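Hi,

Here is the structure I promised to pass on.

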Amino acid sequence: MPPPSQLAIATGAVTRLLREEASYHKELADQEAQVKKLEESIQNGGGDDDGNAEFMLKQNKTAVEQTKAVFGPLKDRIAAAVTKLEDQIALAEEAGGSEHLESAKSVLAQAKSKA
């Protein structure tokens with residue numbers, strides 16, 4: 001089996017980074033929901049059985065901030081991967097096409113629509 005082409009590698013990198021970004025967005029939404037639930041519980045006087053609701057709230061807020069901090073560098077990595085993919089598409093078109101060209105263009109369009 002021949003090694004994957006540079007076009008296939010660049011396409012895979014962009015696809016992986018887009019999936020990673022979607023995963024972080026889901027994780028952030030879950031964390032924010034947990035923070036809201038804890039805040040409501042504390043406001044209603046419920047707290048929790050072992051009395052560490054305030055600590056758990058602080059920990060969850062820290063986790064939210066850490067997750068938000070991931071997005072800046074991740075956007076930069078996606079932009080770099082998209083640029084590399086654009087270059088590889090251009091090279092493949094100059095060379096007369098490739099079996100991966102259509103999927104690469106599809107992934108590129110997907111990445112640009114999310115940007």
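**The core and the helices around it**

The largest nonpolar core has 17 residues, and those with the most contacts inside it are Leu7, Val14, Ile78, Val82, Leu85 and Ile89. Keep in mind that this is a predicted model. Helix 1, helix 2 (53-94) and helix 3 are the elements that give two or more residues to this core. Helix 2 gives the most, with seven residues. There is another core lying apart from it, made of six residues, with Leu38, Leu57, Val64 and Phe71 among them.

Val82 is a handy place to start if you want to click through the contacts. Not counting residues up to four places away in sequence, Val82 touches Val14, Leu108, Ala111 and Lys112.

**Helix 1 with helix 2**

How do these two run relative to each other? The axes of helix 1 and helix 2 come within 8 Å and cross at roughly 160 degrees. An angle over 145 degrees counts as roughly antiparallel, so helix 1 is roughly antiparallel to helix 2. Helix 1 passes helix 2 in a left-handed crossing. Sorted by class, their contact has 24 nonpolar, eight polar and twelve charged residues.

- Gln88 sits in helix 2. With a relative accessible area of 15%, Gln88 is buried, since the cut-off for that is under 20%. Leaving out residues up to four places away in sequence, Gln88 touches Gln6, Leu7 and Ala10. Leu7 is also one of the residues with the most contacts inside the largest core.
- Glu39 is found in helix 1, and at 30% relative accessibility it counts as partly exposed. Setting aside neighbours within four places in sequence, Glu39 is in contact with Leu57 and Lys61. Leu57 is among the residues of the six-residue core.

A couple of distances, in case you want to check your own numbering. Glu39 and Ala81 are 42 residues apart in sequence and 39 Å apart in space, C-alpha to C-alpha. Gly12 and Arg77 are 65 residues apart along the chain, and their C-alpha atoms are separated by 13 Å. Gly12 has its place in helix 1 and is partly exposed, with a relative accessible area of 35%.

**Helix 1 with helix 3**

Helix 1 (residues 6-43) and helix 3 (residues 101-114) pack at an angle of about 30 degrees, and their axes are 10 Å apart. Angles under 35 degrees count as roughly parallel, and helix 1 and helix 3 are therefore roughly parallel to each other. Their crossing is left-handed. From helix 1 the contact takes Leu7, Thr11, Val14, Thr15 and Leu18, and from helix 3 it takes Leu101, Ser103, Ala104, Val107, Gln110, Ala111 and Lys114. By class that contact has seven nonpolar, four polar and one charged residues.

**Helix 2 with helix 3**

For this pair, the axes come within 10 Å and cross at roughly 145 degrees. The crossing of helix 2 and helix 3 is left-handed. On the helix 2 side you will find Lys75, Val82, Leu85, Glu86, Ile89, Ala92 and Glu93, which meet Leu101, Ala104, Lys105, Val107, Leu108, Ala111, Lys112 and Lys114 in helix 3. Those residues divide into nine nonpolar, no polar and six charged.

Ala111 itself lies in helix 3, and at 6% relative accessibility it counts as buried. Ala111 takes part in the contact of helix 1 with helix 3, and also in the contact of helix 2 with helix 3. Along the chain Ala111 and Leu17 are 94 residues apart, yet their C-alpha atoms are separated by 9.4 Å.

Cheers

Technical notes
Residues numbered from 1 in each chain as written. Predicted model: local features only at pLDDT ≥ 70, side-chain atom pairs only at ≥ 80, totals over all residues. Heavy atoms only, no water. Axes fitted to C-alpha atoms, helices over the stretch in contact; angles between N-to-C directions. Helix = DSSP H or I, 4+ residues; strand = E, 2+ residues; numbered from the N terminus. Parallel < 35°, antiparallel > 145°, perpendicular 65-115°, else oblique. Left-handed = near helix turned anticlockwise from the far one by under 90°. Contact = heavy atoms within 4.5 Å. Nonpolar A, V, L, I, M, F, W, Y, C, P; charged D, E, K, R; others polar. Core = buried A, V, L, I, M, F, W, Y, C linked by side-chain atoms within 4.5 Å. Buried < 20%, exposed > 50% of the residue type's maximum accessible area, 1.4 Å probe, protein only.
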